[in-house]
Amino acid sequence: LAGSAIVAKSLGSNGYIKYASGLIVQWMKVVNTPSTQQYVTYPINFTHTPTVFANLECLTANVNVYTPVTTNAVLTINNPAQSGTINIFAIGY
């Protein structure tokens, strides 16, 4: 399949896989602080603006109220309700 070859990867707990087609899959674990805005840098920058994200998931063990805002390099977590780990999964190019 054209473009399906992996051209770069980092398989750590905060990592990514980049394919020849330009598709990037990333994941991170972030410990958030209640009621503060946090800026989290992706392991690798997406090439385009966030409007081309196929998916952005922020999952937590706790129930949180937050609004993720993202650019091609940084994820902003606004006003989390509780402390805890947020598992982030993003797909884009």
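The questions and answers below go through a predicted model of one protein chain.

Reader: How are residues numbered, and what does the model count?
Author: Residues are numbered from 1 along each chain as its sequence is written, and side-chain values use heavy atoms, with hydrogens and water left out. As the model is predicted, local features need pLDDT of at least 70 and side-chain atom pairs count only at pLDDT 80 or more, while totals for chains, interfaces and linings use all residues.

Reader: Which strand of the protein chain has the highest confidence?
Author: Confidence is given as pLDDT, the predictor's own score for each residue, from 0 to 100. The chain has a mean pLDDT of 76, and 68% of its residues reach 70 or more. Confidence is lowest in strand β5 (residues 55–60), at a mean of 64. It is highest, at 95, in residues 6–10, strand β1.

Reader: How many helices and strands are there in the protein chain?
Author: Helices (H or I, at least four residues) and strands (E, at least two) are DSSP runs, numbered from the N terminus. From that end on, the elements run β-β-β-β-β-β-β-β. The count is zero helices and eight strands.

Reader: In which sense do β1 and β2 pair?
Author: Two strands pair if DSSP finds at least two bridges between them. β1 and strand β2 (residues 15–19) have four bridges, and alanine 8 stands opposite lysine 18 in β2. A hairpin through four residues joins the two strands. The sense of the pairing is antiparallel.

Reader: Which residue in the turn between β2 and β3 has a positive phi?
Author: β2 and β3 run antiparallel and are joined by four bridges. Tyrosine 16 stands opposite glutamine 26 in β3. The two strands form a hairpin with four residues between them, and a positive phi of about 105 degrees in the turn belongs to glycine 22.

Reader: Is serine 13 buried or exposed?
Author: Serine 13 lies in the loop between β1 and β2. Buried means under 20% relative accessible area, exposed over 50%, and partly exposed in between (1.4 Å probe, protein chains only). Because its relative accessibility is 55%, serine 13 counts as exposed.

Reader: Which residues is serine 13 in contact with, beyond its neighbours within four places in sequence?
Author: Contact means heavy atoms within 4.5 Å. The C-alpha atoms of serine 13 and lysine 29 are separated by 7.0 Å, although the two residues are 16 apart along the chain. With the sequence neighbours left aside, the contacts of serine 13 are Trp27, Met28 and Lys29.

Reader: What does tyrosine 39 touch, not counting residues up to four places away in sequence?
Author: Tyrosine 39 has its place in strand β4, and its relative accessible area of 57% makes it exposed. Its C-alpha atom is 6.6 Å from that of isoleucine 77, which is 38 residues away in sequence. The residues touched by tyrosine 39 are Val74, Leu75 and Thr76.

Reader: How far apart are the C-alpha atoms of threonine 36 and isoleucine 77?
Author: Threonine 36 lies in the loop between β3 and β4 (38–41). At 33% relative accessibility, threonine 36 counts as partly exposed. Threonine 36 and isoleucine 77 are 41 residues apart along the chain, and their C-alpha atoms are separated by 8.2 Å.

Reader: What is the geometry of the pair formed by tyrosine 42 and phenylalanine 46?
Author: Rings of Phe, Tyr and Trp (its six-membered ring) pair if their centres lie within 6.5 Å; planes under 30 degrees apart count as stacked, over 60 as edge-to-face and the rest as tilted. Tyrosine 42 is buried at 3% relative accessible area, and phenylalanine 46 is buried at 1%. Their centres are 5.2 Å apart and their planes 80 degrees apart, so the pair is edge-to-face.
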